[in-house]
Amino acid sequence: MKIAIIGYSGSGKSTLTETLSNYYSIPKLHMDTLQFQPGWVDSDRDWMSEQMDNFLSKNTDWVIDGNYAWCQYERRLEESDWIIFLNFSRWNCFYRAWKRARHFRGQVRDSMATGCIEKLDWEFIRWVLWDGRQARQVTRYQTVGQTYSDKFIALKNQKELDRFLNKVKNDLLESK
């Protein structure tokens with residue numbers, strides 16, 4: 001099983017990655033662990049692309065969360081059995097990011113690069129509410145949905161996500 005999880009910042013991509021990695025007992029990759037170096041410094045794009053290539057080549061099954069359209073995006077989407085798009089509202093994403101910042105205050109969460117202490121600053125708030133939802137991002141998600149309609153799963157709220165996860169759990173139980 002190969003699963004690509006894409007979506008807006010704060011939508012729960014990393015949490016879903018953890019859950020599906022555990023359900024299927026498959027390797028996971030949080031792209032934020034590649035994107036950042038300690039202190040929230042951006043990684044070299046060539047290095048990041050090479051790391052992604054290594055992960056994809058080394059694993060027959062995986063779940064990867066993150067957008068980063070310049071980093072092996074087409075390959076990830078092409079190889080995926082499922083492309084899960086978390087299309088939660090901007091306010092829901094903001095609330096989730098706020099809760100995450102409170103929960104991990106002063107810590108580095110597992111889905112983030114070493115040395116990147118959790119924060120919720122104005123730049124990130126602006127990204128979650130406005131900048132990360134500009135026309136080019138919306139268009140990219142729409143294009144992915146149209147191009148890969150046979151394996152594209154769009155979830156727009158927690159109720160839909162819970163229903164999806166219950167179905168996955170039930171399918172796994174039936175297959176055993």
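**Side-chain contacts in the predicted model**

The side chain of Thr33 places a polar atom 2.6 Å from the backbone oxygen of His30. This arrangement, like those described below, is taken from a predicted model. Thr33 belongs to helix α2, which spans residues 32–35, and its relative accessibility of 26% classes Thr33 as partly exposed. When residues up to four places away in sequence are left aside, Thr33 touches Asp110, Ser111, Met112 and Ala113. Between Thr33 and Trp47, which are separated by 14 residues in sequence, the C-alpha to C-alpha distance is 12 Å.

His30 also takes part in a contact through its side chain, which is joined to the side chain of Asp65 by a polar contact of 2.4 Å. Asp65 is located in strand β5 (residues 62–65). A further polar contact, of 3.1 Å, connects the side chain of Asp65 with that of Thr17. Asp65 is buried but has no salt bridge. Lys13 is the nearest side chain of opposite charge and is 6.0 Å away from Asp65, whereas a salt bridge requires a side-chain nitrogen of Lys or Arg within 4 Å of a carboxyl oxygen. Not counting residues up to four places away in sequence, the residues touched by Asp65 are Ile5, Lys13, Ser14, Thr17, Leu29, His30 and Met31.

Side chains of opposite charge can pair when their charged atoms come close. In the model, 10 salt bridges were counted. One of the salt bridges is formed by Glu79 and Lys2, with 3.7 Å between the closest N and O atoms. Because Glu79 lies in helix α4 (residues 73–79) and Lys2 in strand β1, this pair ties together parts that are 77 residues apart in sequence. Glu79 counts as partly exposed, at 26% relative accessibility, while Lys2 counts as buried, at 17%.

A second example is the salt bridge in which the side chains of Asp53 and Arg75 meet, with an N to O distance of 2.3 Å. Asp53 lies in helix α3 (residues 45–58) and Arg75 in helix α4, so the pair ties together parts that are 22 residues apart in sequence. Both residues count as partly exposed, with relative accessibilities of 29% for Asp53 and 24% for Arg75. Through salt bridges that share partners, Lys2, Asp53, Arg75 and Glu79 are joined into one network. Lys156 and Glu160 likewise form a salt bridge, their closest N and O atoms being 3.9 Å apart.

The structure contains 10 aromatic pairs. In one of these, the ring centres of Tyr8 and Phe85 are 5.9 Å apart and the ring planes are at 55°, so the pair is classed as tilted. Tyr8 and Phe85 are both buried. Ring pairs extend the arrangement to a cluster that links Tyr8, Phe85, Tyr141 and Phe152. The ring of Tyr8 is also approached by a charged group, as the charged end of Arg133 sits over this ring at 3.8 Å from its centre.

Technical notes:
Residues numbered from 1 in each chain as written. Predicted model: local features only at pLDDT ≥ 70, side-chain atom pairs only at ≥ 80, totals over all residues. Heavy atoms only, no water. Phe/Tyr/Trp six-rings, centres within 6.5 Å; stacked < 30°, edge-to-face > 60°. Buried < 20%, exposed > 50% of the residue type's maximum accessible area, 1.4 Å probe, protein only. Lys NZ or Arg CZ within 6 Å of the ring centre and 35° of its normal. Helix = DSSP H or I, 4+ residues; strand = E, 2+ residues; numbered from the N terminus. Lys, Arg positive; Asp, Glu negative; His and termini not counted. Polar contact = N/O pair within 3.5 Å; in protein donor to acceptor, adjacent residues only side chain to side chain. Contact = heavy atoms within 4.5 Å.
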